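My notes follow the order in which I looked things up.

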Amino acid sequence: VLSKLDPNDVKQSLHLSELLSQFCKLHSNDIDDCILEQLVDQLPRMTPEAALTFLALPRTNDEDDELAGFQLRCIDVVASRWSSVDFLQAKSFLCHQHPLLLSELLARSLERAQETSIILEHEVASSVGFF
């Protein structure tokens, strides 16, 4: 299925990310980090909800002091949509995550929020004639 995915079809990729994340959630005992890395790597785009689901899956190599590539990608997806992610709904996810993952998610989300704030500040200032 992934090999036939059109990388330019955003809707298809987002839908597939949802399906794949739910499949991985159902079969989490059978999917190791290597397989998860390969699956996430082949998705051109994913929804923040799918990214949170991937992040919530148990790691098979949880002893690492660094995040896996698929985790960093999922963190970027969630952080890029920081204003639309319902973190209260994701509370159970957040409570059970490695501190390194949580700190990276927080740092990247704050970075994106700051970027958005600067853009909005400039838009408001230019609309009222300050620039």
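The entries below go from the overall fold to single residues.

**Ground rules.** I worked on a predicted model, in which local features need pLDDT of at least 70, side-chain atom pairs count only at pLDDT 80 or more, and totals for chains, interfaces and linings use all residues. Residues are numbered from 1 along each chain as its sequence is written, and side-chain values use heavy atoms, with hydrogens and water left out.

**Overall fold.** I counted six helices and zero strands, where helices (H or I, at least four residues) and strands (E, at least two) are DSSP runs numbered from the N terminus. Along the sequence the pattern reads α-α-α-α-α-α. I then looked up burial, with buried meaning under 20% relative accessible area, exposed over 50%, and partly exposed in between (1.4 Å probe, protein chains only). Of the 131 residues in the chain, 34% are buried. For contacts I used heavy atoms within 4.5 Å. Among contacts with a separation of 6 or more, 70% are between residues 24 or more positions apart.

**Helix α1.** I checked the length of α1, residues 10-26, first. The expected span is 1.5 Å times one less than the number of residues. For the 17 residues of α1 that gives 24 Å, and the end C-alpha atoms are 24 Å apart, which agrees. Next I listed the buried residues of α1: S13, L16, S17, L20, S21 and C24. They fall within an arc of 140 degrees seen down the axis, so they line one face of the helix; the arc is that of the directions from the helix axis to the C-beta atoms. On the other side of α1, I found K11, K25 and L26 exposed. The cover over the buried residues of α1 includes α2 (33-41) and α3 (48-56).

At the start of α1, I noted a side-chain oxygen of D9 within 3.4 Å of the backbone nitrogen of K11. The rule for such a polar contact is a pair of N or O atoms within 3.5 Å; within protein, one must be able to donate a hydrogen and the other to accept it, and residues adjacent in sequence count only if both atoms are side-chain atoms.

**S17.** S17 counts as buried, at 0% relative accessibility. Beyond its neighbours within four places in sequence, S17 is in contact with L43, R45, M46, T47, A50 and F54.

**Helix α2.** In α2, I found D33, L36, L39 and V40 buried. They cover an arc of only 125 degrees around the axis, which puts them on the same side of α2. The buried residues of α2 pack against α1, α3 and α4. At the start of α2, a side-chain oxygen of D32 comes to within 3.2 Å of the backbone nitrogen of C34.

**Nonpolar core.** I took a core to be a set of buried Ala, Val, Leu, Ile, Met, Phe, Trp, Tyr and Cys residues joined through side-chain atoms within 4.5 Å. The largest one has 26 residues, and C24, L36 and F54 have the most contacts inside it. The elements giving two or more residues to this core are α1, α2, α3, α4 and α6. Not counting residues up to four places away in sequence, C24 touches I31, L36, L39, F54 and L57.

**Salt bridges.** I required a side-chain nitrogen of Lys or Arg within 4 Å of a carboxyl oxygen of Asp or Glu. The count came to two. In one of them, R108 pairs with D76, with the closest N and O atoms 2.5 Å apart. This pair links distant parts of the chain: R108 lies in helix α6 (residues 99-127) and D76 in helix α4 (residues 69-80), 32 residues apart. E104 also forms a salt bridge with R108, the closest N and O atoms being 2.5 Å apart. E104 and R108 are four residues apart in helix α6 and so separated by about one helical turn. I therefore noted D76, E104 and R108 as linked in a network of salt bridges. D76 is partly exposed at 29% relative accessible area, and E104 is partly exposed at 24%.

**Two loop residues.** Q97 sits in the loop between α5 (91-95) and α6. I found Q97 buried, at 16% relative accessibility. Leaving aside neighbours within four places in sequence, Q97 is in contact with L55, A56 and L102. N29 sits in the loop between α1 and α2 and is exposed, with a relative accessible area of 75%. N29 and P58 are 29 residues apart in sequence, and their C-alpha atoms are 8.2 Å apart in space.
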